[in-house]
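Thanks for coming, everyone. I'll take a few minutes on one structure. Please have a look at it first.

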Amino acid sequence: MKNRLSSVTSTTIVYGVLLVAIVAGAVLTAVNGRNFFSTGNIDNILTTTSILGFIAIGQTLVVLGGSLDLSVPFVVSLSSVVGAGIMAGDPGNIVPAVVVTLALAMAVGLVNGLIVTFLKVHGFIATLGTGLIISGYLASNYKGSHGSAPLDFRLLDATRIGPVPVSTLIMLGCAGLAILMLRRTRLGHHLYAVGGNAEVARLSGLRTSVPVIAAHVICSALSAVAGLLLLARLSVGNPTIGSQGGYDLMSIAAVVLGGTLLAGGKGNIMGTLAGVAIFAVIDNVMGVMQVNPFLRDVVRGVVIVVAVAVYARRELDTRPPRFERPTGLDAALQEAR
Amino acid sequence: MSTATPSITTTETQARPELPLHQGSLGSRIAAGLATPGGAVFVLVGVLLVSIMVSNPNFTDPGALIRFAGRTAPIAIAAMGQYYVIVSGEFDLSMGAVIAAQVVLAGNFIGQDEGRIIPGLLLMLAVGALIGIINGLVTTLLKVPSFIVTLGMMLALSGLVRYITGGAASGNPVDAFRDIGRGGIEDVPVVDVIPYPLIILVVVATLSVWLMRRPFGRTLIAAGDNPEATHYSGAPLWSYKTRAFVLSSLSATVAGILLVGYAGVHPSVGAGYEFTAITAVVLGGVVLGGGRGWVLSAAAGAFALELLFTLLTSLGVPSTWRDTVQGLIIIAAVAVSARAWQVGRRPRRTTPTDPSRATHIATPSPNQPSTGATTGEN
């Protein structure tokens, strides 16, 4: 019994929680006389997942590397206004706009990574700082909405393949690439190693700065994609769209909800996707039930803490045993469990 | 811990003093203290103060200075509360929401009834303590990362407050209560008025320094530096960390009481205070992740931050660029202090440098020194 319980990974639990959320959502929606699995509702949930999904995938990489990225909402806003400014309603400008926006965001991520690795500033402070820098730039140079997206670009958000929005498919594609990177490439393995214990990774001969910088660059690039998607949805750039969404804290919450250790070195993308989906389902159900928007925050806050509490306790205990023989205290702890 | 009774030879003292903080004359000790990030923030406050006085002569008036100190008191108190949590290795993101909740509570419970001021204050402190206890127990006993616990608390509290108030200003506490935040002792020579917030700040700061010199404070820093070692030394980590969270929420409560006087009752009062407090604490040279830093440096960090904003305003920098400057400053400050802590760190004793000590240990049993030396490094 004990063995079977301990073989349950936290990802399994997250998907269990997601299943519970979907069942509860379906019941609550049915009580309100609607169909949870109707095309419109599913479409709504998938659309909600896509934007937070992009950011949360990037945030997972950063958290796995033992850092944090609080600058994401400002990168989202920045790419939204910069993209809209360059496009200016002309379909011919879509490609240069996307390229410039992504390059700009990757530059921000590079700066984040360099500050974290070479100046030895904690990721929390480094990205809080770069976020503030961008926020000041946005507040000084953009008043209200800016630029506009041409119709061709807006189709990015409006097109559906069957019931699935294209934006969700792109997000899942990015998730697949990120999973491949983490499982199959040297960079991914090094990211886990550095996040688990940077000193041990360094003594093993890794360049500890490379994976962390790469994670920050990818995270900012994915935030830029999220910003461009918001631009496609709203058709104008908005300098405060990112901070309105609270994407920094919500993405970190989704990452931790997905079973990734906040300290780094343990976790995966699949869990994060489930975490994002849990948020989307909860938001959707509360929307159907017409819960007061302020009370939604209360529910979100409680759900985050309770869901993480379900597996956070055992998360720390399932590490492989160390090489040394167990001490008397360890044996006692084993018994107690 | 093994260096509790170091035997210092004279040659070693000249080459590298073993415990710099406890050696030399008072002057050299202060100089050594100012070289650490926790001391450097006081120099920063001095430099900023002088530059403001140069750019804006109005600021040289003692009355203006003391009113500035009174205005900064809430953020300094919040920073000292955040200090306890950060030095024990955790985060408290719920601070701003706690302030908003307390402000709304004051507005609605006390209202225009002067008789309810004392019960109101007690109720606010009780609510603050309760929030801290919940944060602390969920973090320590349920093992949820404090980042997530206090984020959840922030969402829940701020949602609840805006739900109750409908998102608009509501309730107006009686003027006697608001005077705690905006009043002061009048007709004082030289400075004209001593604001109550400043007095409260001095009291809180004194208590904090006393508390951090007590076994509680020492253990809290140890818990942030090395939780495992602190646990094995017999300290109940959950109790210490929970008390840190309670102190943080209580500080937010006090900051809320003061802010009612300045800002009135609105659910957006206190928004973003958690990040400002964390910034102030970090600016004060306290290391995120715990175990390093001085409580007064956190308060000084808050003053440095407010002085910086005042300086930017008096230099005519548009307020929209404030964020950018703040971001640059905190990155630079933390980058510099990360270097400074590393330089100031005592060298690790991988080999016993003092021959007399090594032989002393080696005499009873030849096996003992090897185990004693290796367990410390593994």
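I'll go through chain B, then the interface, then one serine.

Ground rules. This is a predicted model: local features need pLDDT of at least 70, side-chain atom pairs count only at pLDDT 80 or more, and totals for chains, interfaces and linings use all residues. Residues are numbered from 1 along each chain as its sequence is written, chains are lettered from A and ligands numbered from 1 in the order in which they are written, and side-chain values use heavy atoms, with hydrogens and water left out.

Chain B. We have 17 helices and two strands. Chain B has 378 residues, and 47% of them count as buried. Buried means under 20% relative accessible area, exposed over 50%, partly exposed in between, with a 1.4 Å probe and protein chains only. Now contacts, meaning heavy atoms within 4.5 Å. Take those in chain B with a separation of 6 or more: 75% come from residues 24 or more positions apart.

Now the interface. On the chain B side, 42 residues are in contact with 43 residues of chain A. The buried area is about 3,600 Å², and carbon and sulfur atoms give 80% of that. Buried area here is the accessible area, 1.4 Å probe, that two parts lose on being put together, summed over both.

The rule finds one salt bridge across the interface. A salt bridge needs a side-chain nitrogen of Lys or Arg within 4 Å of a carboxyl oxygen of Asp or Glu. The partners are R162(B) and D297(A), at 2.8 Å, N to O. On chain B, α7 (146-165), α13 (273-283) and α15 (322-344) each supply at least two residues of the side that touches chain A.

Last, S135(A). This serine lies in helix α6 (residues 123-141) of chain A. Is S135(A) buried or exposed? Buried, because its relative accessible area is 12%. Leaving aside neighbours within four places in sequence, S135(A) is in contact with F74(A) and D323(B). With D323(B), the side chains make a polar contact at 2.7 Å. That term means N or O atoms within 3.5 Å; within protein, one must be able to donate a hydrogen and the other to accept it, and residues adjacent in sequence count only if both atoms are side-chain atoms.

Notes. Helix = DSSP H or I, 4+ residues; strand = E, 2+ residues; numbered from the N terminus.
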